[in-house]
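User: I'm new to reading protein models and would like to go through one with you. Can we take it piece by piece?

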Amino acid sequence: NTFSGALNVSGGTVRVRNGAGSASGSGTAFVNVGGTLAGTGRVYKLNVGNGGTLSPGMSPGTLTAGDSTLDTNGVYVWEINDFAGTFGSDPGWDRLNCTGTLTIAATSANTYTVKVTSLTYANVAGLASNFNNANGYTQLIASAVSISGFATNKFTVNVSGFSNPFGGVWTIAQV
């Protein structure tokens, strides 16, 4: 649907699809506790926090938003099925594509969580392809025109959904 006004996702999942217009017209999509925003479409503005979950793509893929805020206690479910794949595509890994400013409003005391989730080529939980535990990787998870408020200590990385053998450290950085 394309409509004006805000979209409040506080329970269940709203999926936006590419080619289906926007999910929030000229308003902000607020994703809060118990709610998930997913899909390959776009929203005008985005605010994910207070226990809300962002899951770009259709396992994996790209969700596009204008100005976006990653707020305290929000979660980004970042899925990857092929480390040699493409940013924002399947096979590859998820991407949040901000066509405006990406604001990190989380704090070091109330972080924003990136939940790393490995998938098989069938896009079910399992081992991601082309991963070598001896290698280092840099995978982009978001792109934006500009980024405000970034600091590594505002993020927590949760690897409970990563199935590949791994003995290293995951970090979030601005490049």
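User: How many aromatic pairs does the count come to?

Analyst: Keep in mind that this is a predicted model. Two rings of Phe, Tyr or Trp pair if their centres lie within 6.5 Å. By this rule, the count of aromatic pairs comes to 11.

User: What kind of pair do Tyr 112 and Phe 155 form?

Analyst: Their rings sit 6.4 Å apart, centre to centre, with 75° between the planes. Planes over 60 degrees apart get a name of their own. So the pair of Tyr 112 and Phe 155 is edge-to-face.

User: How many residues apart are Tyr 112 and Phe 155?

Analyst: This pair links distant parts of the chain. Tyr 112 belongs to strand β15 and Phe 155 to strand β18, and the separation is 43 residues.

User: Is Phe 155 buried or exposed?

Analyst: The cut-off for buried is under 20% relative accessible area. Tyr 112 has 0%, so Tyr 112 counts as buried. Phe 155 has 12%, so Phe 155 is also buried.

User: What about Phe 166: buried, partly exposed or exposed?

Analyst: Phe 166 forms an edge-to-face pair with Phe 162, at 6.2 Å centre to centre and 80° between the planes. Phe 162 is buried, with a relative accessible area of 9%. Anything between 20% and 50% has its own class, and at 32% Phe 166 therefore counts as partly exposed.

User: Which residues do ring pairs link into a cluster?

Analyst: Phe 162 and Phe 166 are among them. The cluster is made up of Phe 83, Phe 131, Tyr 137, Phe 162, Phe 166 and Trp 170.

User: Back to β15. Which residue in β18 is the bridge partner of Lys 115?

Analyst: Strands of a sheet pair through backbone hydrogen bonds, either parallel or antiparallel. β15 runs parallel to β10, with six bridges joining the two, and Val 77 has Lys 115 as its bridge partner in β15. β15 also pairs with β18 in the parallel sense, over five bridges. There, the partner of Lys 115 is Asn 158.

User: How many of the seven residues of β15 are buried?

Analyst: β15 is largely enclosed by the rest of the structure. That's because the number of buried residues in β15 is six.

User: Which strand gives the largest share of the lining of the largest pocket?

Analyst: That pocket has a volume of about 750 Å³, and its lining counts 31 residues. The elements that give two or more residues are β10, β14, β15, β16 and β18. The largest share is three residues, and these come from β15.

User: How many charged residues does that lining have?

Analyst: Gln 139, Ile 141, Thr 171, Ile 172 and Ala 173 lie nearest the pocket's centre. By class, the lining has 24 nonpolar and seven polar residues. For charged residues, the lining has none.

User: Which are the edge strands of the open sheet of four strands?

Analyst: The order is β5-β8-β13-β16, with parallel pairing. Inside it, β8 and β13 pair over four bridges, and Leu 63 stands opposite Leu 96 in β13. An edge strand pairs on one side only, and here those are β5 and β16.

User: Last one: is Thr 28 buried or exposed?

Analyst: Thr 28 lies in strand β3. Leaving aside residues up to four places away in sequence, Thr 28 touches Gly 5, Ala 6, Leu 7, Lys 45, Leu 46 and Asn 47. Its relative accessible area is 18%, so Thr 28 counts as buried.

Methods: Residues are numbered from 1 along each chain as its sequence is written. This is a predicted model: local features need pLDDT of at least 70, side-chain atom pairs count only at pLDDT 80 or more; totals for chains, interfaces and linings use all residues. Side-chain values use heavy atoms; hydrogens and water are left out. On a 1 Å grid over the protein atoms alone, a cavity is a set of points where a 1.4 Å probe fits but cannot get out, and a pocket is an open set with protein on both sides within 12 Å along at least five of seven lines; lining residues have an atom within 4 Å of a point. Grid points are joined across faces, edges and corners, and a volume is the space filled by probe spheres set on the points. Ala, Val, Leu, Ile, Met, Phe, Trp, Tyr, Cys and Pro count as nonpolar, Asp, Glu, Lys and Arg as charged, and the others, Gly among them, as polar. Buried means under 20% relative accessible area, exposed over 50%, partly exposed in between (1.4 Å probe, protein chains only). Contact means heavy atoms within 4.5 Å. Two strands pair if DSSP finds at least two bridges between them. Rings of Phe, Tyr and Trp (its six-membered ring) pair if their centres lie within 6.5 Å; planes under 30 degrees apart count as stacked, over 60 as edge-to-face and the rest as tilted.
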